[in-house]
Amino acid sequence: MVILTKHQKIVAFIGSYADSVNPGVYTCHYGENNGSLEVIHEVDGLQNPTFLAVDQENWRLYALSEGVDANGQRCGAAASYDIDKTSGKLALLNNEITLPMTTCHIQLDHTNQVIMVSSYHGGMVGLSPVLADGRIGQSADIQQHKGASVLQVQDRPRAHSVFLDRTNTYVGVCDLGLDKIKLYKLDLTAQKLHPHGEVSVAPGSGPRHFAFHPSYKYGYVINELGSTVTAFSYDEEKGELAEIQTISTLPDAFDGENACADIHVSPDGRYLYGSNRGHDSIVVYAIDAATGKLIPVEYAPTLGQHPRNFAISPDGAHLLVANKDSDNIVSFARNAETGKLVPTGSVLKLSKPVCIKFAVVE
């Protein structure tokens, strides 16, 4: 958890669904008192710049985009920007094709040497180098997943997100179509992802996003199709996950349609949060430090529709929810002792927001 000095401030970057002629990526000032967001800069030129990754060391931003290949077919691309720390303005460095299919998630490695992207429609994960000047280089590796699972939507691989452990050694890919987390060993020298292993969740679960506990003893995947969270123990030396619990994201009385999306652990490691689309809530769990198991605390309404993504502020004080279908980002105060969420009254109206990333400005 970041304890801010009087010389520091927090900014937030927002990614959204947008046509290339309209603003799609935003820089916002974050208000520490009430978790408010104020747009201070916006850029257009990208098609559906949904997910973002921030290089805070070099002050660069990386955003998903869409491109067109030599045959005129839509494909995955990503754009790099320089960030002006004073004004928050973004200056485009380049826009490079990453995968032969459109992408849904982007992740920097911890040394900011490569970006990794996943393709839901293509069932693949790709790696591209980050050049010395921050531009994205040509694709260096593509790993194509194979197989299927039990539901109609799981008739093929659907790689949904990429995550790394703290050692920058092992990379995980949540594949909704396979009901598996595929594990790779990251080779920065060769710019390759070497297959390392995999772990399965219950058939029909549809793993989507993953979050490590700050201790890295545990990890948690939110399952989009099954409306569950699966908890794992993590062997950091071996790069192995082992299931310890699966728990519903919904209250017992709810019987409507729902699909989960995002998941985050509080900076102090005491609470886990996940988003429900349909129930339109954030589920809050307490984490048992001794076992890694989850205990439900509450199901907080998001005050909007289709909460696709959310973020906890670096100071741990607020949780901000991007409600895509109601075009708003709602701020909640986070009680550090109970984990519970209370609306602050601060709401930012924004077209189809789907990703929030924070950075601390010195």
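I started at Val 229, which stands opposite Ile 247 in S19. Before going on, I noted that this is a predicted model: local features need pLDDT of at least 70, side-chain atom pairs count only at pLDDT 80 or more, and totals for chains, interfaces and linings use all residues. Residues are numbered from 1 along each chain as its sequence is written, and side-chain values use heavy atoms, with hydrogens and water left out.

I then looked up how S18 and S19 (residues 240–248) pair: they are antiparallel, over 8 bridges. For pairing I go by DSSP finding at least two bridges between two strands. Strands here are DSSP runs of E, at least two residues, and helices are runs of H or I, at least four residues, numbered from the N terminus. The S18–S19 hairpin has 4 residues between the strands, and Gly 239 in the turn has a positive phi of about 65°.

Val 221 has Thr 230 in S18 as its bridge partner. This hairpin also has its turn noted: 4 residues lie between S17 and S18, and Ser 227 shows a positive phi of about 50°.

How covered is S18? I found 6 of the 8 residues in S18 (residues 228–235) buried, so to speak mostly covered. Buried means under 20% relative accessible area, exposed over 50%, and partly exposed in between (1.4 Å probe, protein chains only).

**Asn 223**

I stayed in S17 (residues 218–223) for Asn 223. Asn 223 is buried, with a relative accessible area of 0%. I listed what Asn 223 touches, not counting residues up to four places away in sequence: Val 201, Ser 205, Gly 206, Pro 207, Thr 228, Val 229, Thr 230 and Cys 260. Contact here means heavy atoms within 4.5 Å. I also checked Asn 223 against Arg 158: the two are 65 residues apart in sequence, and their C-alpha atoms are 13 Å apart in space.

**S13**

Next I went to S13 (residues 170–175), where 6 of 6 residues are buried. Which residues point which way from S13? Tyr 170, Gly 172 and Cys 174 point one way, Val 171, Val 173 and Asp 175 the other, and all are buried.

S13 pairs with S12 (residues 159–164) in the antiparallel sense over 5 bridges. I noted Cys 174 in S13 as the bridge partner of Ser 161. Between S12 and S13 the hairpin has 5 residues, and Asn 168 takes a positive phi near 65° there.

S13 is also joined to S14 (residues 180–187) by 6 bridges, again antiparallel. Asp 175 has Lys 180 in S14 as its bridge partner. The hairpin of S13 and S14 has 4 residues between the strands, with Asp 179 at a positive phi near 55°.

**Thr 27**

I moved to S2 (residues 25–30), which holds Thr 27. Is Thr 27 buried or exposed? Thr 27 is buried, at a relative accessible area of 1%. Leaving aside neighbours within four places in sequence, I found Thr 27 in contact with Ala 12, Phe 13, Glu 38, Val 39, Ile 40, His 41, Gly 88 and Leu 90.

I looked at Asp 280, in the loop between S21 (271–277) and S22 (281–287). Phi of Asp 280 is near 50°, a positive value in a residue other than glycine. Leu 303 sits in the loop between S23 (294–301) and S24 (307–312). Phi of Leu 303 is near 60°, also positive and also in a residue other than glycine.

**Whole chain**

The protein chain has 0 helices and 28 strands. The radius of gyration is 19 Å, close to the 21 Å that the globule rule gives for 362 residues, so the chain is as compact as a globular protein of that length. That radius is taken over C-alpha atoms, and the rule is 2.2 Å times the number of residues to the power 0.38. The C-alpha atoms fill a box of roughly 50 × 50 × 40 Å along the principal axes.

Buried residues make up 57% of the 362 residues. Among contacts between residues at least 6 apart in sequence, I noted that 49% join residues at least 24 apart.
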